[in-house]
Amino acid sequence: MANKGLQLLGFTLSLLGLIGLIVGTILPQWKMSAYVGDNIITAIAMYQGLWMSCAFQSTGQMQCKVYDSILQLDSSLQATRALMIVAILLTVAGLGVASMGMKCTNCGGDDKVKKSRIAMTGGIVLLVGALCSIVACAWFTNRIVQDFYNPFTPVNTKYEFGAAIFIAWAGAFLDIMGGGMLAASCPKGKSSPKYPKSSRPPSSSKEYV
């Protein structure tokens with residue numbers, strides 16, 4: 001019963017992690033313009049995401065532009081986009097596999113050991129997807145930090161962390177926790193029945209010399 005609750009909790013956390021990864025990937029606020037130096041007071045806030053860049057004006061209007069060509073993007077953005085897509089696909093696949101091996105579902109047959117192995121496989125796939133998202137977020141975060149502290153970067157083009165990257169980080173860690181709980185559903189091998197050693201009953205007749 002405890003293992004069943006652990007699987008259900010892991011599946012729920014992974015599902016929330018998937019939602020976080022999707023929302024974080026879609027939102028354009030991966031990095032936002034930093035208010036440093038002479039850029040403290042400005043009427044426009046710039047945002048850049050994986051798919052588009054946006055300009056938020058003080059009047060409340062936001063204008064976004066989708067990136068025209070993939071080849072014009074820098075390598076870090078291309079790698080982050082690819083890794084996030086792979087992470088989402090692996091998370092979806094891991095949830096599908098794990099759902100067939102959970103004890104609260106009827107898929108995968110009645111063999112408890114087989115279902116536990118299926119759930120464990122789904123958890124491992126979820127962990128791989130979470131690893132891809134962590135690499136993507138860490139790569140993008142490192143690039144923001146490097147550009148921010150680079151003395152040759154103009155002040156008005158410096159960026160800091162946006163809300164979307166924190167959502168992606170949260171989704172990745174939820175995915176890790178959920179995948180770890182599902183991967184902990186290690187199958188217990190069927191123990192072979194142990195029979196007591198047969199002992200010969202004592203002879204009822206005694207031989208006398």
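**Close-up 1. Cys54 and its bridge partner Cys64 in β4.** In this predicted model, local features need pLDDT of at least 70 and side-chain atom pairs pLDDT 80 or more, while totals for chains, interfaces and linings use all residues. Residues are numbered from 1 along each chain as its sequence is written, and side-chain values use heavy atoms, without hydrogens and water. Strand β3 (residues 52-57) pairs with β4 in the antiparallel sense over 5 bridges; two strands pair if DSSP finds at least two bridges between them. Strands (E, at least two residues) and helices (H or I, at least four) are DSSP runs, numbered from the N terminus.

**Close-up 2. The open sheet of 5 strands.** The strand order is β4-β3-β2-β1-β5, with antiparallel pairing. The edge strands, β4 and β5 (159-161), each pair on one side only.

**Close-up 3. Asp74 in the loop between β4 (62-66) and α2 (75-101).** The side chains of Asp74 and Ser76 are joined by a polar contact of 3.3 Å. Asp74 has a relative accessible area of 32% and is partly exposed; buried means under 20%, exposed over 50%, and partly exposed in between (1.4 Å probe, protein chains only). A polar contact is a pair of N or O atoms within 3.5 Å; within protein, one must be able to donate a hydrogen and the other to accept it, and residues adjacent in sequence count only if both atoms are side-chain atoms.

**Close-up 4. Arg81 in helix α2.** Leaving aside neighbours within four places in sequence, Arg81 is in contact (heavy atoms within 4.5 Å) with Leu50, Trp51, Tyr67, Ile70 and Leu73.
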